[in-house]
Amino acid sequence: MTKPTLGLFFEKSFDRLPTELILIDLLHAHFHCNVFDASRLHDNGYVRAFIDENDILLPHLFSIRAASHSKKWGDYRYYTPNYRELIIHGARVLEILHDCNKPVCCFNVRSDWYPETQAFWESIPPQAYIFGGIQRGYINETPEPEFFFGDMDINPTLGNSYFDDSRIIPIRHVLSDKELNVSVRRKNYDFSVLGVFYARRKFVYESAKKMHKLHLYNPWLLHKLRKALNRHHKRSYWSNALLNMLFNDALRRSRISYTDGSHLDIFVRKYLEIPANHALLLCAPFRGMQDFGFVQDVHYVRCDEENLAEQLHALLTDGALCESIVQNSFALVQEFYSPAKVATQLLSIFAQMSAGTFTGCYYHKGELCFGTRLENA
């Protein structure tokens, strides 16, 4: 299968999330990629030549998406000069791709629960595909306001009215080889809860804190470091890499770790990160867990929030059960979410796009399937 040439309208330093950084590395490792020179945004000759020399064009939507969340959308005085530059850059890229005759695949890996605005979706070229943008069928359409930030308008499924299934590429999360090939370290912590600024995770963490003789990982120092780094190094790759390293180190040293989709029924990256670091996945499952390959009591244990102390005690004293689930879940993420697996999937997706035969894709029992999901699938 011939590999298409990808035209990337973003650089690695522009990205903040681990999945985005890993996917950019994956694209460079497995495809021929050309990176757009942002300093030539208004050079029409250069723009036309760049479009012509690439088979698939990938703009990044992060800055546009973040700006559209704010009620001050369009008021660039609200943003820092660096961030304002990224927003203007993103808007210009979407403008020049609006009537492009090549496949446009918008890079939008961030989870779909953010409160989308009409301005964001209307800015996307009408013929574009959304890479990781919408996860149909699982998202809770009436999330509680406490799970969001500030005074944002909550409309998490607005994007569904702009894109049908034939334009959705639901690849959201992939693990790096470094994450998958970690050796089993000494387990200093019995239990950890990362990302506790979400309401349900915070509740579980506070409940675990009350338990005696439980070696619990304290995440607050990591959060303070994250805030400090984001305040002074908002777009620095090294600061995000440092935070990701410390985060994974906490997981590697945990016997059991808890996560959830914060009442939103979405597939968060921690469902992969916890098994990848040889910790038992204790979680609040969402409706699509089995589509992504996760089977209860085989790859994860459902969290009993009301009886957390008894549940943790039972799990920590049943070493055989814990080890079985840890091994099963590690094998699952290694098989379905490794860079090599995702690269193969992307090759098929991009080849179909180039041939004009792509009609959408979806997950079923961990595998990425092509076409439109049947009602009884």
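Where pLDDT is low, the predicted coordinates should not be read in detail. For the protein chain, the average pLDDT is 81, and 77% of the residues score at least 70. Residues are numbered from 1 along each chain as its sequence is written, and side-chain values use heavy atoms, with hydrogens and water left out. As this is a predicted model, local features need pLDDT of at least 70 and side-chain atom pairs count only at pLDDT 80 or more, while totals for chains, interfaces and linings use all residues.

Turning to the cores, the largest nonpolar core has 59 residues, and those touching the most other members are Leu 27, Leu 58, Ile 169, Phe 294, Leu 346, Ile 349 and Phe 350. Such a core is a set of buried Ala, Val, Leu, Ile, Met, Phe, Trp, Tyr and Cys residues joined through side-chain atoms within 4.5 Å, where buried means under 20% relative accessible area, exposed over 50% and partly exposed in between (1.4 Å probe, protein chains only). Helix α13 (residues 339–355) supplies the largest share of this core, seven residues. A second, separate core of 23 residues has among its members Phe 36, Tyr 46, Val 93 and Cys 106.

Ile 349 is in contact with Ile 169, Ile 171, Phe 358, Cys 361, Leu 368 and Phe 370, residues up to four places away in sequence not being counted. Leu 368 is also the bridge partner of Tyr 363. Strands β11 (residues 361–364) and β12 (residues 367–370) pair in the antiparallel sense over four bridges; pairing requires at least two DSSP bridges between two strands. These strands form a hairpin with two residues between them, and Lys 365 in the turn has a positive phi of about 55°. Helices (H or I, at least four residues) and strands (E, at least two) are DSSP runs, numbered from the N terminus.

Helix α1 (residues 18–30) places Leu 23, Ile 24 and Leu 27 among its buried residues. Elsewhere, helix α9 (residues 237–252) contains Leu 243, which is buried at a relative accessible area of 11%. Beyond four places in sequence, Leu 243 contacts Leu 222, Leu 225, Arg 226 and Leu 229.

Notes. pLDDT = per-residue confidence, 0-100. Contact = heavy atoms within 4.5 Å.
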